[in-house]
Amino acid sequence: MTDSSKRPLAVFDFDNTLADTAHRQHFLEERPRDWDGFFAAAPQDPPITDGIALAVESARACEVVYLTGRPERCRRDTLDWLAAHGLPEGRVFMRGNAGRAGGGRGDRRPARFTKLEILRRLAQGREIRFVVDDDELVCDDAERAGFRVVRARWTAKSAVLEEVQEREGRT
């Protein structure tokens with residue numbers, strides 16, 4: 001059951017929905033992948049105009065929430081980036097730094113599982129007006145679960161990002 005007295009939620013992914021990661025994807029093309037370099041370069045991500053405009057417009061009728069596969073250790077950089085680019089304030093849901101069982105490796109499940117889990121939790125108390133994401137598997141699963149989805153097809157497809165999102169659960 002949802003609380004109809006609260007504004008509905010508009011849920012936005014971050015990487016390649018609001019922030020263009022193309023300039024730092026080279027960190028993921030080599031083995032072993034340079035995750036520290038990849039995330040350290042995130043503050044320099046250029047904004048994606050279409051995503052930013054949709055988030056700003058959505059804030060008129062909805063509470064904007066951010067749902068990202070970025071690890072918790074990137075929270076400060078992520079919040080600073082949102083503020084620097086004029087995005088609405090909102091709760092930010094990120095992957096934990098420690099493993100689900102305390103193993104320290106972090107939650108490495110594919111984004112389509114981690115994000116859907118959070119979406120279902122959010123929907124228990126609020127209407128989710130729509131979810132905006134670039135990951136086709138996240139979008140497919142969210143639609144199957146009954147969520148309205150806006151597919152963020154504003155950047156070029158990246159084979160390396162698709163691989164790490166699905167197989168390595170890192171972004």
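A pocket is an open set of grid points with protein on both sides within 12 Å along at least five of seven lines, and its volume is the space filled by probe spheres set on the points. The second largest pocket of this predicted model has a volume of about 160 Å³.

**Figure 1. The second largest pocket and its lining.** The lining consists of 13 residues. Among them, Met-94, Arg-95, Asp-107, Thr-114 and Ile-118 lie nearest the centre of the pocket. Two or more lining residues come from each of β2 (63-71), β3 (92-95) and α4 (111-123). The largest share is that of α4, which gives four residues. By residue class, the lining holds four nonpolar, four polar and five charged residues.

Figure 2. Asp-135 sits in the loop that joins β4 (128-133) to α5 (136-144). Its relative accessibility is 8%; because buried means under 20%, Asp-135 counts as buried. Thr-17 is 118 residues away from Asp-135 along the chain, yet their C-alpha atoms are separated by 9.1 Å.

**Figure 3. The fold of the protein chain.** The chain has six helices and five strands. Read from the N terminus, the order of these elements is β-α-α-β-α-β-α-β-α-β-α. Of the contacts with a separation of 6 or more, 71% are between residues 24 or more positions apart.

**Figure 4. Surface and interior of the protein chain.** Of the 171 residues, 49% are buried. The accessible surface is about 8600 Å², and carbon and sulfur atoms account for 49% of that area.

Methods:
Residues numbered from 1 in each chain as written. Predicted model: local features only at pLDDT ≥ 70, side-chain atom pairs only at ≥ 80, totals over all residues. Heavy atoms only, no water. Buried < 20%, exposed > 50% of the residue type's maximum accessible area, 1.4 Å probe, protein only. Contact = heavy atoms within 4.5 Å. Areas by Shrake-Rupley, 256 points an atom, 1.4 Å probe, with all protein chains shown as cover. 1 Å grid on protein atoms, 1.4 Å probe; cavity = no way out; pocket = protein on both sides within 12 Å on 5 of 7 lines; lining within 4 Å. Nonpolar A, V, L, I, M, F, W, Y, C, P; charged D, E, K, R; others polar.
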